[in-house]
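Please keep the sequence and the coordinates at hand while reading.

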Amino acid sequence: MAARGHVQDPNDRRLRPIYDYLDNGNNKMAIQQADKLLKKHRDLHCAKVLKAIGLQRTGKQDEAFTLAQEVASLEPTDDNSLQALTILYREMHRPELVTKLYEAAVRKVPTSEEYHSHLFMAYARVGEYKKMQQAGMALYKIVPKNPYYFWSVMSLVMQAISAQDEKLSHTMFLPLAERMVEKMVKEEKIEAEAEVQLYFMILERLGKYVEALEVVRGQLGEKLTSELQSRENKCMLLYHQLKRWPECNALSCKLLLKNPDDWQFYLSYFDSLFHLIDQSWTPPEEGDHCTEGEVHCSVSQAISFVEERLAAEEAKESRPLRGPYLARLELIRRLRQRSCPEEQQLVGEPLELMFQYFVKFGDKPCCITDLKVFLELLTPDQYVQFINRLTEAVPLGEAGEDDVALPGDTRALQRHLCVAQLGRCLGLQHALDTDGKLALIRELKIHYRHGLQFGKNCLKTELQFSDMYCLMAAHVYIDLWMETGNEQMLWQCLGLLEEGLSHSPSNAQFKLLLLLLFCRLGAFEPVVDLYSSLDAKHVQHDTIGYLLTRYAESLGQFAAASQSCNFSLRFFHSNQKDTSEYIIQAYKYGAFEKIPEFIAFRNRLNNSLHFAQVRTERMLLDLYLEADISSTLEESVKSMSLCPEEDDIPWDSIRDNRDLTVFVSWNPKDRQLNEEHRLRSVEEETLWLKIRAVTLRLVGCLSGLCHPPSVRNSEKTTENGVAAKPSTLQPLLSQMESALSQAAQFAERHSQHQYPILGPPSTRLAQALASGSCQCQLSALQLPIHLQELEAAGLDQSAELQAQISNLFKSLTVQLQDMLNKCKGDLLEVKDGRCKAQPSLLENLVYFLETICVVLWVSNYCGSTLRPLKSSLQKKKKKKKDASAVTPVVLSGFQEFTSSLQSLLSQALEHIKGQESHLTALKMESLSLEGLSQTEEEGTFTKTVMDKVQSSYLRSLQEVGDLLRKRVDTLKSLKI
């Protein structure tokens, strides 16, 4: 705020201290200073606004808003007041008020270029494209500068992009924008590259590719200089759109002669070549083949072209480029796909060519990713031969006492590592038996530890040269764990990853795999620090945040769960504000083609599946932790601005932005994540979100049914009060039944299908259904409907209804008892000195807790409904003086139900206490890892991991126990 530019204002000196206080975060002093100044200068509007900023930042939003509106109503035109109000409204997230501010300023000072441009930017913040177009033209009329004219044109394009009716955008907005630019072209007023880019964008959106091509290749195209090969790239794009394959092919040839390493042009070269072959295209007998030059239209020409590029590389004294060598393999792949074996013979044998590639580039880390794509060219009986050939080409030293030959430098290490990675990609590691895999792990560990010597001088932020050996050994341990079910493998894997992290503290793959495995074990405590140390930036909170938030609450660490949700929510909430600023910068600097991208990015984040999940889970978590403990359910729901009648999740346009390939993997194709897994995961995530979102809205609805205390004694008023919102409850219950039915079908359909371990984690869906939690919550939430009927009928005329409600109470008790029984068992089970974790018991305990919360909220509503009915019954008894009347079934049923709840909660707390004692008594170091030889150092890392899991379980039990104890206290209020 201090950098406000030089303002020629006598009051600037007086305002300076207030600005300084605000800049330094000393808001109270800023308010005091503003008050002092206002006593002397009542009409100093800017001081009032600065005071309002201080109030806003100290949490007094209402006072700040009143003060700001007081100044805004005077329609100030001084720069200080306008800028201060803009800052205030931005902090209040009310950008629409800035537009009104500058509209008034422009009315008063119609010739001000500054105010007009501020008005344009204010409209840009709220996406008022029509008004932006008008403001841009008004600005151009006052100051005829090209950028202002093109602001107006771009605003027309944005109207076309955002228009619901595509026909309207193609018949009105875009043609108008085109005519506006053409006018400038005819008058030869086009000055900047941005203006040509915008013209190109308009023609492209109108589908006028021929005209766009003329622009790019003509005089205007000469202005396209900011990006390398900008004109060529645009021409290539347009040739593709126009299906002009001869030009596409000739241009690709030309560009590859300039840069034989540009992979995108090899792809367009091969694409166009095979299109020409399919069309039986032949060059004309006379003249040029096409406007771009010579065209290749046969496989033999393509082979010759690639061979020439290779010969040029071989003749160079400097290190060869990879492009031509990979192009040869790509050509073989395409020929094989088209079943052209005779031509393939002209190119060469894939195994031999890949071997040659390895000899040339095997010491580069990219060699594995280059060759991985072409492994499908090998037949299964060539796999072992291929790996043996590569192994022979790796310069290793003599085998030591471990019978393992080791590399002498980092280049040899990289070659050996590449062979190991290719072996895994071909499935050779997976084919080994248990002993073979253990021998492989031993060898990989020796290579890993030997390789550490090459990275002694590495900085903490650098990775060790041999880190990938460690990661691969961890993957083999995971294979053994999945195949044999032996959890010792998992403990050893975690120990090895901890060891890896101690040598390479910045290795994200170690952290991600540790994070995944700890979550699989049900230990969330170490995960938060691991995720924090990843230092996820910006959009990564959406792409990898799911790894954290999926397990956050389900493992009973509620404080950490809140923190995890905040990581993601903070990013999503700032996205709205940040994107507006990016758009404004794009207008200022003429980066017009980026504006639609920014808006698409913002929409993609607003429709993010992860955003909807985190928002829902955070609200549910807050209710479980606070509702009816630190504040009533009604107050909690109100503070969240939760509206049960409205579903704010954009189901039709929801986007899955998760990065499911974040883990490095060298698994063969049949073990990799495939499209079916992705689709199934999205379906599962959406179903689970639906259940959670409807649960949240049902709880919100329940809070709206709670009786206001002032009218409790009047039955009639209560009836009217209850009738306020019952209409929402029934449809939501139907939605819940439907969602649970779909979920049950999904779970049954896919009960045998597992995602790959390095793929997406399963949701809580299957376990929630197995625990009985969803069904029990649904039963509980149906009670208010019956109680409303009872209230309407009265106690005298409703014997059947009372029996039904009483049976519901009994059924709930049975369901809750059943859920609690599923939590019984040891979280860490020790048999024969071996340790086995049972994290599902912890998840079941959290489901029990969630269900108890819902049941207690419903019970609270039941109590508030039955109390007035009981008191009116007692009044009637007194009048009739009939003391022997039988207590109505529903009242005795509710009293039994509350005492059953008391008993259930006592059992749960007893179970938690027992588990805490059992875990505390466990001496982890005494648990031997029998049959697995471990060095002392390895044993230390494994023990560290076991301690972390033990500590995490204790923390989870403590948090669940604390919350259950708070819920026990709320039982007292249920007495009627």
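The second largest cavity is lined by Trp-688, Ile-691, Arg-692, Thr-695, Met-736, Ala-768, Ser-773, Cys-774, Gln-777, Tyr-847 and Glu-850. The model is a predicted one, and the volume of this cavity comes to about 60 Å³. Helices α34, α38 (773-793) and α40 each supply at least two residues of its lining, and α34 gives the most, with four residues. By class, the lining of the second largest cavity divides into six nonpolar, three polar and two charged residues.

Across the whole structure, a search finds six cavities of 30 Å³ or more. The largest cavity has a volume of about 280 Å³. Its lining counts 20 residues, and those closest to the centre are Thr-549, Arg-550, Gln-613, Glu-617 and Trp-688. The elements giving two or more residues to this lining are α29, α32 and α34, with α32 giving the most, six residues. Seven residues of the lining of the largest cavity are nonpolar, six are polar and seven are charged.

Is Gln-613 buried or exposed? Its relative accessibility is 14%, so Gln-613 counts as buried. Apart from neighbours within four places in sequence, Gln-613 is in contact with Glu-685 and Leu-689.

The largest pocket has a volume of about 1,400 Å³. Of the 50 residues that line it, Lys-372, Ser-665, Trp-666, Asn-667 and Gln-672 lie nearest its centre. Two or more lining residues come from each of α20 (367-372), α22 (410-425), α24 (467-484) and α34 (675-705). The lining of the largest pocket has 23 nonpolar, 15 polar and twelve charged residues.

The second largest pocket has a volume of about 910 Å³. It is lined by 30 residues, and Arg-520, Arg-550, Gln-754, Ser-762 and Gln-767 are the closest to its centre. Elements that each supply at least two residues of this lining include α24, α34 and α40 (839-880). By class, the lining of the second largest pocket has 14 nonpolar, nine polar and seven charged residues.

The structure holds 20 aromatic pairs. In one of them, the rings of Trp-263 and Tyr-266 have their centres 5.8 Å apart and their planes at 50°, so the pair is tilted. Both residues lie in helix α15 (residues 263-278), three residues apart, which is about one turn of the helix. Trp-263 counts as partly exposed because its relative accessibility is 28%, whereas Tyr-266 is buried at 0%.

The rings of Phe-809 and Phe-897 have their centres 5.1 Å apart and their planes at 20°, so this pair is stacked. It links distant parts of the chain, with Phe-809 in helix α39 (residues 799-821) and Phe-897 in helix α41 (residues 889-921), 88 residues apart. Both Phe-809 and Phe-897 are buried.

Elsewhere, ring pairs join Phe-120, Tyr-148, Trp-151, Tyr-587 and Phe-592 into a cluster. Charged side chains also meet rings: the charged end of Lys-234 sits over the ring of Phe-200, 5.0 Å from its centre, and Lys-690 lies over the face of Trp-651, at 5.2 Å from the ring centre.

Terms used. Residues are numbered from 1 along each chain as its sequence is written. This is a predicted model: local features need pLDDT of at least 70, side-chain atom pairs count only at pLDDT 80 or more; totals for chains, interfaces and linings use all residues. Side-chain values use heavy atoms; hydrogens and water are left out. Rings of Phe, Tyr and Trp (its six-membered ring) pair if their centres lie within 6.5 Å; planes under 30 degrees apart count as stacked, over 60 as edge-to-face and the rest as tilted. Buried means under 20% relative accessible area, exposed over 50%, partly exposed in between (1.4 Å probe, protein chains only). A charge sits over a ring if NZ of Lys or CZ of Arg is within 6 Å of the ring centre and within 35 degrees of the ring normal. On a 1 Å grid over the protein atoms alone, a cavity is a set of points where a 1.4 Å probe fits but cannot get out, and a pocket is an open set with protein on both sides within 12 Å along at least five of seven lines; lining residues have an atom within 4 Å of a point. Grid points are joined across faces, edges and corners, and a volume is the space filled by probe spheres set on the points. Ala, Val, Leu, Ile, Met, Phe, Trp, Tyr, Cys and Pro count as nonpolar, Asp, Glu, Lys and Arg as charged, and the others, Gly among them, as polar. Contact means heavy atoms within 4.5 Å.
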